[in-house]
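Keep the picture in view as you read.

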Amino acid sequence: MSVLGDLRYHIKTFGCQMNKHDSEVAAGLLDVLGLQPTAAVEEADLIVFLTCCVRENADERLRGQVASLKVLKTDSDGRTPPLIAVGGCIGQRDGEKLLEVLPHVDIVFGTHNIERLPALYQQALAKRDAAEHYVPWRPEATVEVQQESDSFAADLPTTREHPWHAWLPITQGCDNYCSYCIVPYVRGRERSRPFEDVVAQAHALVADGVLEITLLGQNVNSYGRDLYGTPRFADILRAVAATGIKRLGFATSHPKDLLPETIEVMATTANILTHLHLPVQSGSDRILAAMGRCYTRDDYLNLVAQLRAALPHITLSTDMIVGFPGESEADFAGSLALAREVCFDQMFTFLFSPREGTPAATMENTVPAELAQKRFDQLVECVQSSALICNERLVASRQEVLIEGASKRDEKMLTGRTMGAKIVHLPLPDAASAADYAGRIVPVTITAAHKWFLQGELLDQAACQ
Ligand code: SAM
Ligand code: SF4
Ligand code: F3S
């Protein structure tokens with residue numbers, strides 16, 4: 001019989017910030033159960049995957065990674081092999097079918113029942129302990145997926161990755177059903193968390209020493225529509241900012257629902273990040289209509305103009321899909337022209353990936369892979385130059401940087417983010433350790449610009465918070 005306190009867990013996270021938050025919940029639940037975290041997958045007794053299926057390559061990565069763990073199941077060096085749990089969006093989509101492709105998975109759960117992870121783990125342990133020759137293939141595997149849930153993952157125990165940062169979900173699910181997107185099918189209908197609950201949790205996080213909160217939702221701008229009949233995102237933004245949190249960010253904003261009052265709150269509230277991620281997806285009205293995005297290219301450009309008028313130093317990032325069915329040269333030229341005109345700080349570019357069950361997966365006039373790749377490369381080149389232009393404008397400026405820790409590439413360097421969400425690398429002062437600085441906001445002068453990061457120098461150590 002296993003003693004839980006001796007067991008260790010390792011979590012692997014794929015996909016968006018929702019999954020990053022869910023991973024912190026999974027860690028919180030397993031900590032409460034008495035397990036210990038481990039950074040070494042080969043030492044773990046339970047390996048949990050929080051998965052993503054937004055594009056085909058995310059599916060493939062999961063299959064590759066889980067398949068590679070088979071060796072831990074078969075060649076375990078005399079120790080009891082780990083149990084493997086797959087949750088998140090692929091778990092929700094595939095349920096028991098997942099076992100046909102990955103028969104050595106022991107536990108499958110979905111996006112609506114993460115709170116069941118400890119119970120499912122205990123069930124799986126009991127089955128293994130009771131069986132003489134345990135193989136996870138049905139019926140031994142433990143599979144539980146729910147179609148909807150009433151609870152909010154945010155109300156569950158959480159172990160944050162960084163003590164100074166917290167994800168704070170304000171909505172779950174999505175009602176937009178963009179024609180290419182699987183998210184509404186795996187995360188369910190949009191549901192807002194009551195206003196008072198969000199604000200109370202924000203107060204608790206501030207009291208717990210959190211410096212930065214990120215409000216989360218697939219479309220934060222429609223927050224409250226289901227509960228209050230009208231969106232209340234500007235209100236919740238103002239209320240959370242008023243809790244005394246040092247920095248407040250949010251993701252993701254759908255352009256069709258970004259209201260002037262939200263821009264006004266952003267412009268008049270000093271602790272809200274001067275950064276907005278505003279996915280545009282395409283610069284062609286024809287393609288935007290086929291995607292079901294409910295705004296035009298001009299609507300988007302008008303929003304950018306309003307944002308820049310209200311917040312001249314705002315940094316803007318976006319998502320763009322290349323090779324959507326029916327995308328002509330002229331449509332793609334529209335995307336490229338929009339990217340040049342806006343001059344984004346950052347763009348996440350994606351090749352269209354057909355997702356079974358979505359309307360776009362069966363649309364005609366698919367774009368040949370080679371042509372889509374050529375367009376993709378052109379767009380990436382355009383974004384690289386706009387990102388560099390934006391970063392060069394910051395050279396010699398003073399920035400308040402929230403230090404996240406040592407740089408992954410060089411332990412003598414610190415890494416942090418500005419209020420505009422720009423990554424900055426700066427030298428660690430002599431005789432100091434990165435741990436002394438992690439989770440502190442420090443003044444920095446920007447000394448050099450690169451495409452995806454800035455270099456800086458600590459301005460005044462005495463002014464560090
Ligand atoms: N809710 C956010 C919004 O509406 O902008 C985005 C959510 S989605 C998790 C992140 C990005 O994945 C999208 O903005 C879109 O660019 C991209 N995406 C979603 N489905 C895709 C697909 N089938 N093929 C390629 N990219 C896709
Ligand atoms: Fe997907 Fe559209 Fe919802 Fe974003 S708004 S999650 S792209 S359906
Ligand atoms: Fe992926 Fe699910 Fe997020 S499909 S992008 S992890 S909501």
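**Strands, helices and shells**

His-275 stands opposite Thr-315 in S13. This is a predicted model, where local features need pLDDT of at least 70 and side-chain atom pairs count only at pLDDT 80 or more, while totals for chains, interfaces and linings use all residues. Residues are numbered from 1 along each chain as its sequence is written, chains are lettered from A and ligands numbered from 1 in the order in which they are written, and side-chain values use heavy atoms, with hydrogens and water left out.

Q: How do you know that S12 pairs with S13 (residues 315-322)?
A: Two strands pair if DSSP finds at least two bridges between them. Three bridges join S12 to S13, so the pair passes that cut-off. Strands here are DSSP runs of E with at least two residues, helices are runs of H or I with at least four, and both are numbered from the N terminus.

Q: What makes S12 (275-277) and S14 (346-351) edge strands?
A: The open sheet has the order S12-S13-S14, with parallel pairing. S12 and S14 each pair on one side only.

Q: Why are H10 (residues 233-241) and H11 (residues 260-268) called roughly parallel?
A: Their angle is about 15 degrees, with the axes 8 Å apart. Angles run from 0 to 180 degrees between N-to-C directions, and axes are lines fitted to C-alpha atoms, for helices over the stretch in contact. Angles under 35 degrees count as roughly parallel, over 145 as roughly antiparallel, 65 to 115 as roughly perpendicular and the rest as oblique. H10 and H11 are therefore roughly parallel.

Q: Which residues of H8 and H10 meet?
A: Phe-195, Val-198, Val-199 and Ala-202 in H8 meet Asp-235, Ile-236, Ala-239 and Val-240 in H10. Contact means heavy atoms within 4.5 Å. By class, this contact has seven nonpolar, no polar and one charged residues. Ala, Val, Leu, Ile, Met, Phe, Trp, Tyr, Cys and Pro count as nonpolar, Asp, Glu, Lys and Arg as charged, and the others, Gly among them, as polar.

Q: What makes a residue part of the shell around ligand 3?
A: One of its heavy atoms must lie within 4 Å. The residues around ligand 3 include Cys-16, Asn-19 and Arg-187. By class, the shell has five nonpolar, three polar and one charged.
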